[in-house]
Amino acid sequence: MTPSASRQARLPCLLVLAGSLTACGGDQSALAPAGSAARDVALLWWWMLGVSAVVLLAVCGLWLWAQFRTPPPTDQDTEQRIARRWLIGGGLALPLVAITVLLAFGIPIGHRMLPLPLTEAPMKIEVTGHQWWWEVHYPDTGITLEDHIIMPAGRPVDFHLESADVIHSFWVPRLGGKIDMIPGRTNVLRLQADAPGRFRGQCAEFCGLRHAHMVLTVEALAEDDWQAWLADQQEAGE
Ligand SMILES: [Cu+2]
């Protein structure tokens, strides 16, 4: 490869790397958590990235070692025994250990996002997915919004999620994991924003032509601002 061809080949790699790094921040990044559920998910993700990087490096190292070494002469039985050992170790034991460790950490994290009983029941917000917009309803006050959720910061909120047509997926990456919105079924996801802020959500299940435009804005307000907003809405509705 000539030096200029090599430079040309390097450019797309650098662009992909730069693109990946810019995705690590912003108001829709799961790597910039703003709530306890999202923090758990991000921590698990970093661990998975670290462990998979170690495994990748080990596999690449083994591959290079296999390329450049000259194996000593062995009989067929020994060759088969060595091959079996690699198959059992790398193909069975390694994935088994990796998946067990992943589940041991992943299951409790998923469990904490479930609507488990609390001493004080969290506030409820109903969200219904439509092609291609979000209907947001506050059953305690009768308020309804479109493509916009206002929630109190610093306390858990239970999102009751449904769909009016096809399967959508509710995902506000900075607050927690995603969950499907299925016609005829209500899924409940508990999320909390630790501090006031503005976050972006996105439908995470392909739901038709305008799926990519099915965007949601979530605003978490400090308790005083939240109470003031509720009072304003109720006054406007009277
Ligand atoms: Cu959708």
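**Entry 1: the three-stranded sheet**

I began with an open sheet of three strands, ordered β4-β10-β9, and its pairing is mixed. Two strands pair if DSSP finds at least two bridges between them. Helices (H or I, at least four residues) and strands (E, at least two) are DSSP runs, numbered from the N terminus. The edges are β4 (148-152) and β9 (197-202); each has a single partner strand, so one side of each is left without a neighbour in the sheet. On average, neighbouring strands here are turned by 25° against each other, direction ignored. For such angles, axes are lines fitted to C-alpha atoms (for helices over the stretch in contact), and angles run from 0 to 180 degrees between N-to-C directions.

I then checked how β4 meets β10 (residues 215-221): five bridges join them, and they run parallel. Ile149 has Val218 of β10 opposite. A reminder to myself: strands of a sheet pair through backbone hydrogen bonds, either parallel or antiparallel.

Residues are numbered from 1 along each chain as its sequence is written. pLDDT is the predictor's confidence in each residue, from 0 to 100. The protein averages 87, and 89% of the residues score at least 70. Among the elements, helix α1 (residues 3-22) has the lowest mean pLDDT, 56, while strand β6 (residues 168-170) has the highest, 97. Where pLDDT is low, the predicted coordinates should not be read in detail.

**Entry 2: the five-stranded sheet**

Next I found an open sheet of five strands in the order β3-β2-β1-β5-β8, with mixed pairing. β3 (143-146) and β8 (187-191) are at its edges, each with a single partner strand, so one side of each is left without a neighbour in the sheet. The twist from one strand to the next averages 25°. Strand β2 (residues 133-138) and β3 run antiparallel, joined by four bridges, and Glu135 has Glu146 in β3 as its bridge partner.

Trp132 lies between β1 (123-130) and β2, and a cis peptide bond joins Gln131 to Trp132, with omega about 0°. Asp147 sits in the loop between β3 and β4 and has a positive phi of about 55°, although it is not a glycine.

**Entry 3: two helices**

Which residues of α2 are buried? I noted Ala37, Ala38, Asp40 and Val41. Buried means that 20 or more other C-beta atoms lie within 10 Å of a residue's own (exposed: 12 or fewer; partly exposed: in between; C-beta atoms are placed from the backbone). By that rule Asp147 is partly exposed, because it has 14 other C-beta atoms within 10 Å.

Helix α3 (residues 76-112) has 37 residues; at 1.5 Å a residue they should span 54 Å, and its end C-alpha atoms are 53 Å apart, which agrees. The expected span is 1.5 Å times one less than the number of residues. α3 bends by about 30° at Ala93, and Pro95 follows within four residues. That bend is the angle between axes fitted to the seven residues ending there and the seven starting there. The number of buried residues in α3 is zero, so it lies largely in the open.

Terms used
This is a predicted model: local features need pLDDT of at least 70, side-chain atom pairs count only at pLDDT 80 or more; totals for chains, interfaces and linings use all residues.
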